[in-house]
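Have the model open as you read.

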Amino acid sequence: MIRNIIFDFGAVLVDWNPRYLYEPYFGDSEKTEHFLTEICPYSWNVFVDGGKPTAEATAERIALYPEWEKEIRMYYGQWIKMMGGVLPGMEELLGELKALGYPLWGLTNWSRETFPLVREKYSIFSLLSGIVVSGEEHLLKPQPEIYRRLLERYSLDPSECLFIDDNPANVAGGEALGIKGIVFESAAQLREALNSALPELSHKL
């Protein structure tokens, strides 16, 4: 029986997208795409999610692309402008699950420097009983160690946990440790999936 529900954050609870910062700045979708695929790609940001200091990551990128210094510094200097808010329907859904008695947890690949900027900004995070942030642990999903860190820290039985993430590889990482998983697409899709995954519900979500 599922007793605990674990959520990823970006693209599941909240909307994070660097294009929110750079598209207004460049005013050109092609320039934005070039910058975010060649100069500051997601693969570069992953190192910061894993615990690398933003100042160090920024300096390394500027050394590679000095002509882009201003724009590279914007990435973490104006990072909060990449946030688009809570995903539609998710705060209501988490509130319903919590009211039904499910402890809710967070497991996120996120920088230890930037997550504090949003933790108090969005009330949805207050619905969680505990959070593991990759940048604080110097671990990343789908590494098995980060799932074990969450399970051990909060004394959770993997067979009693359900993990929701938009990345299939991250869901598979949890499933390898015995955590049931759902690949997130939308709040409506998740409601349907939860109704199937939680047959003990007395009424449908």
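1. Start with the H1/H5 contact (heavy atoms within 4.5 Å): Leu-21, Tyr-22, Tyr-25 and Phe-26 of H1 touch Lys-70, Glu-71, Ile-72, Met-74 and Tyr-75 of H5. By class, that is seven nonpolar, no polar and two charged residues; Tyr counts as nonpolar here, Lys and Glu as charged.

2. A word on provenance: this is a predicted model, with local features needing pLDDT of at least 70 and side-chain atom pairs pLDDT 80 or more, while totals for chains, interfaces and linings use all residues. Numbering runs from 1 along each chain as its sequence is written, and side-chain values use heavy atoms, leaving out hydrogens and water.

3. Now the rings: the whole structure has 18 aromatic pairs (Phe, Tyr or Trp ring centres within 6.5 Å, with the six-membered ring for Trp; planes under 30 degrees apart are stacked, over 60 edge-to-face, the rest tilted). Tyr-22 and Tyr-75 have centres 6.3 Å apart and planes at 35°, so they are tilted. Tyr-22 is in H1 and Tyr-75 in H5, so this pair ties together parts 53 residues apart in sequence.

4. Tyr-22 is buried at 0% relative accessibility, and Tyr-75 is buried at 1% (buried is under 20% relative accessible area, exposed over 50%, partly exposed in between; 1.4 Å probe, protein chains only).

5. Phe-35 and Trp-68 make another tilted pair, 5.5 Å centre to centre with 50° between planes. Phe-35 also counts as buried, at 0% relative accessibility.

Note on methods: Helix = DSSP H or I, 4+ residues; strand = E, 2+ residues; numbered from the N terminus.
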